[in-house]
Amino acid sequence: MATSTLCTSLFSLALVLPSHAFAQETTTESAPAADTAPVTEVVVTGTRIKSKNLTSASPVTTITAADVKATGVTRTEDMVNNMPQVFAADTAFDSNGASGTATVNLRGLGTSRTLVLLNGSRMAPGSPVAPSADLNQIPAALIDHVDLLTGGASAVYGSDAMAGVVNFVLKKHFTGVQLDFDHSFYQHKNDSPYASVVSAKGFALPKENVSDGEQNNLTLTMGADFAEDKGNAVVYFDYRKIEAVTQAKRDYSACTLSSFSSCGGSSTTYPGRFYSSDSASTYPSGFSLDSSGNVVPYTSAMAYNYGPINYYQRPDEKYGLGAFVTYNINDTTTLSTELMFNDDHTVGQIAASGAFYGYWTINCDNPLMSSDVSSAFGCTSADVSDGTTKDVLLGRRFVESGGRQYDIRHTSYRLRESLAGDINDAWSYDASAQYSMVNYRQTTYNEYSNDRIQKALDVVDVDGTPTCQSVVDGTDPNCVPLDIYSGKALSQEALDYVSAIGTQWGGVGETILQANLAGNLEGYGIKSPWANNGVNVSLGLEYRRESLEFDADDNLRQGLLAGAGGTTDPVSGSFEAKEIYGEAIVPIVDDAPWAKALSVELGYRSADYSTAGTVGSWKAMAVYKPIADLTVRLGKQRAVRAPSILELYSTVSVQLGDYDDPCAVEIVGSDTPSATLEQCQRTGVTSAQYGNIASNSAQQYNVQAGGNTSLTPETGDTTTIGMVYTPSYLPGFNASIDYFDIDITNVIGTIDATTILDNCMNTGDSFYCSKIHRDSTGSLWLSTDGYIETTNTNTGELHTRGFDLQGTYGFALPFGRARVNYVATVLTNLDSKATETADSVECAGLFDGQCGTPNPKYRHKLMGTWYTPWDLDLGLTWRHYGEVESTYGDAYAGVYASEIKAYDYYDVNVAYTIKSKYTLRVGINNLLDKDPPVLPNSTGTNGNTYAGVYDALGRYVFSSLSVKF
């Protein structure tokens with residue numbers, strides 16, 4: 001498939017060709033001219049060397065401000081996530097487990113392996129719970145262009161640049177006043193076939209036509225020259241507000257699908273699921289209650305529909321302000337200041353909390369229990385008389401108070417001072433000091449205290465009044481009885497008593513000191529006899545310190561909240577890195593019969609980490625132009641990535657994971673596990689427990705996750721080979737094709753729970769089996785004593801390779817001009833090994849299971865723009881996502897999706913400029929309102945689909961107005 005896809009793509013490239021994407025230099029194209037104006041000196045993302053006529057030895061894709069405006073997006077992550085080289089990461093469409101940050105993931109190698117730069121300088125970690133840079137800190141309206149350099153770049157930029165670099169370059173020199181206002185919303189017609197599945201279950205359906213998810217963004221930019229034009233100051237204010245969209249608003253997400261034809265849910269339900277081993281013969285699956293409090297056998301049809309209340313799109317409110325000041329001290333020296341502040345507030349909402357299905361102690365003489373309920377628990381009349389207590393399985397969702405909410409706020413500060421200048425005609429320097437801080441706070445609402453729930457379940461009769469035993473004995477005089485046995489809503493007093501909040505807070509800081517010296521050695525006689533120019537070099541020193549602080553209140557520290565997982569321990573730590581680096585661009589031949597130009601690019605960086613020791617990275621690249629129209633580039637790079645501050649120091653705790661236990665059953669004592677007794681025994685199950693371990697219908701089981709201070713750096717080797725074609729006989733046309741191969745070893749990460757279970761069951765390998773910890777009942781979810789270890793470790797390998805295809809063609813029309821841009825990626829391999837000795841898992845063209853989100857073998861973005869002579873620009877974009885197959889194949893047809901067919905989206909936009917001062921733009925993305933693929937039970941989905949990959953909410957309508965004074 002990969003070969004045929006590549007051939008098709010090359011044919012398309014030859015016919016159409018688009019995108020100033022491969023950008024040999026970081027100039028931007030905001031006008032429809034076919035040719036880029038000449039520049040005397042440029043800086044290319046991927047090297048610190050400034051040089052005339054510099055051609056990038058690494059493939060660089062550039063997204064201009066005009067491209068961003070054409071998409072109508074107001075979130076910075078949306079600008080890059082629809083590029084073929086970028087895979088789904090943290091987005092506004094995450095709710096359960098959302099970090100509140102927005103990240104970028106190049107090549108599918110993980111956000112921690114993508115280095116994010118702002119104006120060429122490293123961004124700080126996003127928060128003390130999310131290690132990667134937070135794109136929410138970047139003002140979208142001020143972006144001049146974005147450079148995507150894919151492949152290792154550690155020799156130039158240091159750690160983290162394993163998959164590549166994303167450099168957001170802001171407009172820093174501006175005069176006048178500009179006001180930008182953006183407004184957008186989603187519009188969708190609910191007519192999917194899953195509406196009948198939802199209605200058959202008796203669940204509410206959304207309106208047929210909905211408009212929601214409104215987004216507004218306002219940016220005010222002011223700039224002026226000062227000191228007789230020696231200086232320029234720019235200040236900006238940025239405000240964004242995004243409205244929430246719940247899954248109840250779409251018919252394909254109005255219930256949590258357990259198959260393509262049925263709705264599923266959670267056994268922690270309303271009015272409750274109860275189970276006692278003493279009455280297992282009568283109620284093998286437990287029992288529930290009707291609205292009158294009568295005991296009825298529990299069935300899966302009673303499962304709680306936890307989907308509709310979940311957020312599809314999180315609400316968000318963001319304030320940002322900043323200033324950029326440059327001042328020319330003299331003809332050769334410039335002082336620059338960057339000051340940025342950002343406050344981002346978002347809320348994640350998931351299903352209601354409650355007394356989660358697990359073991360609770362009840363007393364048989366509870367006056368709130370009817371005799372039928374008491375008997376269903378296996379209480380005899382003697383038990384009632386004696387007040388006998390029993391440990392029973394009980395799950396009651398407190399739907400009365402709405403969903404759990406995770407109120408998340410990030411407040412960030414960034415200050416950068418730099419001094420740059422020329423020493424003489426050959427040498428220049430730049431030095432900078434940068435400090436960044438991100439403060440984080442998360443408060444969990446609509447949660448409940450396990451301790452108080454247990455007290456409120458221990459109720460006795462005091463003179464005909466149900467009273468908490470803790471009131472009677474004085475241990476908790478505030479206790480209010482919890483009546484979960486009537487089948488009716490809980491009283492507000494009872495809810496108030498068991499309610500609790502959890503708050504966690506912290507911050508991450510980063511300090512960077514850097515000095516760089518660059519020069520041309522031609523004046524020293526260091527020059528090839530066949531070249532026109534001498535050797536260019538760059539030498540530098542860098543010091544970096546990162547620190548982390550994290551803490552939580554007692555409710556979280558002690559793991560007292562019902563729906564918040566295990567304990568959350570405080571943690572703090574820091575590390576330092578001292579680095580020295582050097583680069584050289586060596587012209588070898590110019591204007592020879594066999595070579596219009598030939599040069600090599602070399603670089604080395606040595607880094608001394610206080611936590612990981614000394615590591616080295618290097619690059620060796622070449623650029624060859626056999627003729628003026630053709631450039632051939634190739635390179636080999638060694639990249640390193642030291643463990644991040646969060647990978648080292650994040651708190652170790654038991655959390656909910658997304659996997660299934662093959663040794664658990666839906667109906668205890670009746671169903672047979674999908675794994676054999678021998679396989680389950682390898683995971684810690686006893687023969688008595690086999691067939692008696694309850695499954696979690698929500699497919700959420702415990703993992704123990706967190707940091708590890710013993711981590712060592714990972715190593716990556718990148719090979720790139722490419723060609724750039726710019727034919728002189730066809731002005732305005734250029735094209736490129738680049739092959740990439742990235743191989744990472746000693747990977748820092750986790751071994752996912754599914755891999756651990758599968759390997760333990762099938763091989764009995766002690767390495768895997770020792771990571772499985774079952775509680776006293778054999779469960780991996782009923783208590784925090786049951787979990788699988790997935791803490792950070794050095795293990796395994798990552799590997800990807802494929803081709804990037806890019807190009808642009810600008811040409812004249814009878815009326816105006818046109819430009820067609822194209823960028824595509826052909827993914828031939830994306831494989832990994834859990835350990836060095838494990839079998840390789842290939843994920844190219846696959847999704848679900850160990851492969852997670854879809855990894856199409858082919859993706860492209862094709863943009864066409866017509867610049868009319870009437871100040872009117874018309875644009876059309878075609879986004880294509882190739883088909884992917886499930887890792888499970890057809891083994892679970894009807895329950896899991898076996899494939900996702902190829903997806904095509906069409907976007908349109910129109911821009912009209914009035915008197916060069918007013919620009920109005922309107923557009924629609926996903927013009928045909930195409931539903932996303934619906935995927936029951938797939939790993940990593942939200943709302944039955946991969947909302948960060950496909951357009952989950954339907955048609956996106958946007959408008960923007962830019963006013964310049």
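1. Disulfides. A disulfide is a pair of cysteine sulfur atoms within 2.5 Å. By this rule the count comes to six disulfides. The structure is a predicted model, in which local features need pLDDT of at least 70, side-chain atom pairs count only at pLDDT 80 or more, and totals for chains, interfaces and linings use all residues. Residues are numbered from 1 along each chain as its sequence is written, and side-chain values use heavy atoms, with hydrogens and water left out.

2. Confidence. pLDDT is the predictor's confidence in each residue, from 0 to 100. The protein chain has an average pLDDT of 90, and 95% of the residues score at least 70. Over residues 1-42, however, pLDDT stays under 50. For this stretch the model has 108 contacts beyond four places in sequence, a contact being heavy atoms within 4.5 Å.

3. Pairing of the cysteines. If the bonded cysteines of the protein chain are numbered in sequence order, the pairing reads 1-2, 3-4, 5-6, 7-8, 9-10, 11-12. One of the bonds is between Cys255 and Cys263, with the sulfur atoms 2.1 Å apart. The torsion about this S-S bond is about -80 degrees, so the disulfide is left-handed. Buried means under 20% relative accessible area, exposed means over 50%, and partly exposed lies in between (1.4 Å probe, protein chains only). Cys255 is buried at 1%, and Cys263 is buried at 8%.

4. Two further disulfides. The S to S distance is 2.1 Å, and both Cys760 and Cys769 are buried. Cys843 is joined to Cys851 at an S to S distance of 2.0 Å. Here the torsion is about -85 degrees, so the disulfide is left-handed. Cys843 has a relative accessible area of 7% and is buried; Cys851, at 10%, is buried too.

5. Salt bridges. A salt bridge is a side-chain nitrogen of Lys or Arg within 4 Å of a carboxyl oxygen of Asp or Glu. The structure holds 38 of them. One joins the side chains of Lys69 and Asp180, at 3.8 Å from N to O. Lys69 lies in helix α2 (residues 65-71) and Asp180 in strand β10, so the pair ties together parts that are 111 residues apart in sequence. Helices (H or I, at least four residues) and strands (E, at least two) are DSSP runs, numbered from the N terminus. Lys69 is partly exposed at 26% relative accessible area, whereas Asp180 is buried at 3%.

6. Arg409 forms a salt bridge with Asp343, and the closest N and O atoms are 2.6 Å apart. This pair links distant parts of the chain, with Arg409 in strand β24 (residues 404-422) and Asp343 in strand β21 (residues 333-350), 66 residues apart. Arg409 is partly exposed at 34%, while Asp343 is buried at 11%. Arg557 and Asp551 also form a salt bridge, with closest N and O atoms 2.6 Å apart. Arg113, Arg641, Glu647 and Glu714 are linked in a network of salt bridges.

7. A nonpolar surface patch. Patches are made of residues with over 30% relative accessible area and no salt bridge; like charges are joined within 9 Å, and nonpolar side chains (Val, Leu, Ile, Met, Phe, Trp, Tyr) within 5 Å. One nonpolar patch covers about 930 Å², and its residues include Leu179, Phe181, Tyr912, Tyr918 and Phe965. The elements that give two or more residues to it are β10 (176-189), β50 (903-914) and β51 (918-925). Leu179 is in strand β10 and is partly exposed, with a relative accessible area of 32%.

8. Backbone points to check. Where is Lys915 found? Lys915 is in the loop between β50 and β51. Its phi is near 55 degrees, a positive value in a residue other than glycine, and Lys915 is exposed at 72%. Asn937, in the loop between β51 and β52 (955-964), is not a glycine either but has a positive phi of about 70 degrees. A cis peptide bond joins Tyr270 and Pro271, with omega about 5 degrees. Pro271 is in the loop between β15 (262-263) and β16 (273-275).

Terms used. Accessible areas come from the Shrake-Rupley method with a 1.4 Å probe; for residues, only the protein chains shown count as cover.
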